[in-house]
Amino acid sequence: MEQRISFQTKLLHNKWKIDRQTGAVSVPIQHASTFHQFDFDTFGKYDYSRSGNPTREALEETIAELEGGVRGFAFSSGMAAISTAFLLLSKGDHVLVTEDVYGGTYRMITEVLNRFGIEYTFVDMTDLHEVATHIRPNTKVIYVETPSNPLLKVTDIQGIVKLAKANGCLTFLDNTFMTPALQRPLDLGVDVVLHSATKFLAGHSDVVAGLAVVKDEELAKQLYKLQNAFGAVLGVQDAWLVLRGLKTLHVRLKQSSESALAIARYLSGHPKVEEVYYPGLTHHPGHSIQRYQASGFGAVLSFRLADEEAVRTFVKHVRLPVFAVSLGAVESILSYPAKMSHAAMPKEERERRGITDGLLRLSVGLEAVEDLIADFEQALSYVKETSSAVSAR
Ligand SMILES: *Cc1c(COP(=O)(O)O)cnc(C)c1O
């Protein structure tokens with residue numbers, strides 16, 4: 001009888017823990033681009049590394065198991081995974097997309113897919129009624145990101161899946177912020193789970209990679225065909241780096257999420273912070289849905305200072321986090337959406353979505369939380385107290 005083991009243990013004790021040929025306890029990196037065929041009539045499992053490679057396959061099978069799917073696919077970036085999944089669509093199809101979707105996905109939909117006759121509508125997916133009213137007869141995909149970036153809005157996954165199924169659409173979900181350690185969308189009825197493995201899965205700011213997982217065999221066949229046809233596969237060194245990062249996923253996310261909650265609470269009580277966005281805070285509008293559909297709140301939060309001037313002062317004085325794009329790493333990363341992820345968006349549109357000049361996003365790493373809080377405390381002491389911050393108290 002097979003023993004049921006926890007996610008944490010599965011990260012280490014899986015099919016790939018020992019190389020059958022040598023006993024090696026790390027997956028061998030197979031550099032070969034081509035494979036000798038021993039039999040003239042029957043070819044072996046591998047022939048060419050774009051179509052299949054043992055190292056990449058180890059990662060693909062691992063993520064499939066962790067997400068509870070039948071098959072996983074590894075790509076050269078998160079955007080390569082997302083873009084390849086969109087190739088499931090055809091001319092004349094319509095896709096319904098969450099309003100605060102990742103910037104690269106926004107660009108792919110609005111500047112590339114549109115040229116191929118794929119229509120789109122952006123909606124606020126926290127409002128299921130709004131989603132329902134925008135479904136068209138040609139809607140083929142509902143595209144979800146939850147919690148969203150950078151405002152951490154929570155979408156009811158099962159609510160979306162219900163609408164999608166009733167209207168014959170597929171549900172795609174970008175699970176980058178949660179990872180299967182905290183949220184398993186396929187169990188909730190989602191069809192395609194997508195990842196920027198660059199973030200928490202690899203976890204060390206040293207590799208760019210993407211993953212996709214499906215739970216339906218037919219969809220798996222179609223996506224495999226597209227992966228091989230489009231060819232944006234992950235290189236073997238990078239596949240190995242993601243596999244290594246995955247081993248510590250549980251412990252990294254656990255620590256970072258605990259620290260994120262502590263920092264969110266600290267910032268909520270600070271007079272110079274106007275607002276804090278973190279689903280772990282009980283007053284967050286998505287708190288109860290998040291508790292229901294995920295097993296944690298994650299390591300990313302956003303907070304609002306008065307204005308750009310306040311942000312400038314804070315960033316100038318803060319010492320520990322790196323000031324950079326990206327997230328999901330061992331070191332804390334502080335980002336400024338107005339000038340980074342959402343720089344391309346017109347200011348009015350950006351502000352309408354709540355991404356104002358005072359908004360900062362923090363991805364919490366593995367530093368001691370008291371060090372991070374002390375650092376924020378000293379940096380905030382330089383920020384001028386404004387009348388709006390005072391009245392917000
Ligand atoms: C970073 C990111 C992506 C894109 O992934 P890349 O690996 O940078 O191509 C997609 N979705 C989310 C939520 C991300 O954070």
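Helix α3 (residues 78-86) contributes three residues to the shell around the ligand, the most of any element, where helices (H or I, at least four residues) and strands (E, at least two) are DSSP runs numbered from the N terminus. The structure is a predicted model, in which local features need pLDDT of at least 70 and side-chain atom pairs count only at pLDDT 80 or more, whereas totals for chains, interfaces and linings use all residues. Residues are numbered from 1 along each chain as its sequence is written, and side-chain values use heavy atoms, with hydrogens and water left out.

The shell comprises 13 residues, of which Met79, Asp174, Ser196, Thr198 and Lys199 come nearest to the ligand; a residue is taken as near a molecule or strand if one of its heavy atoms lies within 4 Å of it. A polar side-chain atom of Asp174 is placed 2.6 Å from a nitrogen atom of the ligand, while oxygen atoms of the ligand lie 2.8 Å from a polar side-chain atom of Ser196 and 2.7 Å from one of Thr198. The ligand sits in the largest pocket. A pocket is here an open set of points, on a 1 Å grid over the protein atoms alone, with protein on both sides within 12 Å along at least five of seven lines, and a molecule sits in it if more than half of its atoms lie within 2 Å of its grid points.

Positive phi values occur at Thr179, about 65°, and at Ser326, about 85°, although neither residue is a glycine. Thr179 belongs to helix α7 (residues 179-182) and is buried, because its relative accessibility is 0% and burial means under 20% relative accessible area, exposed meaning over 50% and partly exposed in between (1.4 Å probe, protein chains only). Ser326, in the loop between β10 (322-323) and β11 (333-335), is partly exposed, with a relative accessible area of 25%.

Arg304 lies in strand β9 and counts as buried at 11% relative accessibility. Its side chain forms a polar contact of 2.3 Å with that of Thr356, such a contact being a pair of N or O atoms within 3.5 Å; within protein, one atom must be able to donate a hydrogen and the other to accept it, and residues adjacent in sequence count only if both atoms are side-chain atoms. Apart from neighbours within four places in sequence, the residues in contact with Arg304 (heavy atoms within 4.5 Å) include Leu151, Lys272, Glu274, Glu275 and Tyr277.

Ser295, by contrast, is exposed, with a relative accessible area of 58%, and is found in the loop between α11 (287-293) and β9 (300-304). When residues up to four places away in sequence are not counted, Ser295 touches Ala181 and Leu182, and its side chain reaches the backbone oxygen of Ala181 at 3.4 Å. The C-alpha atoms of Ser295 and Arg319 are separated by 31 Å, the two residues being 24 residues apart along the chain.

Technical notes. On a 1 Å grid over the protein atoms alone, a cavity is a set of points where a 1.4 Å probe fits but cannot get out, and a pocket is an open set with protein on both sides within 12 Å along at least five of seven lines; lining residues have an atom within 4 Å of a point.
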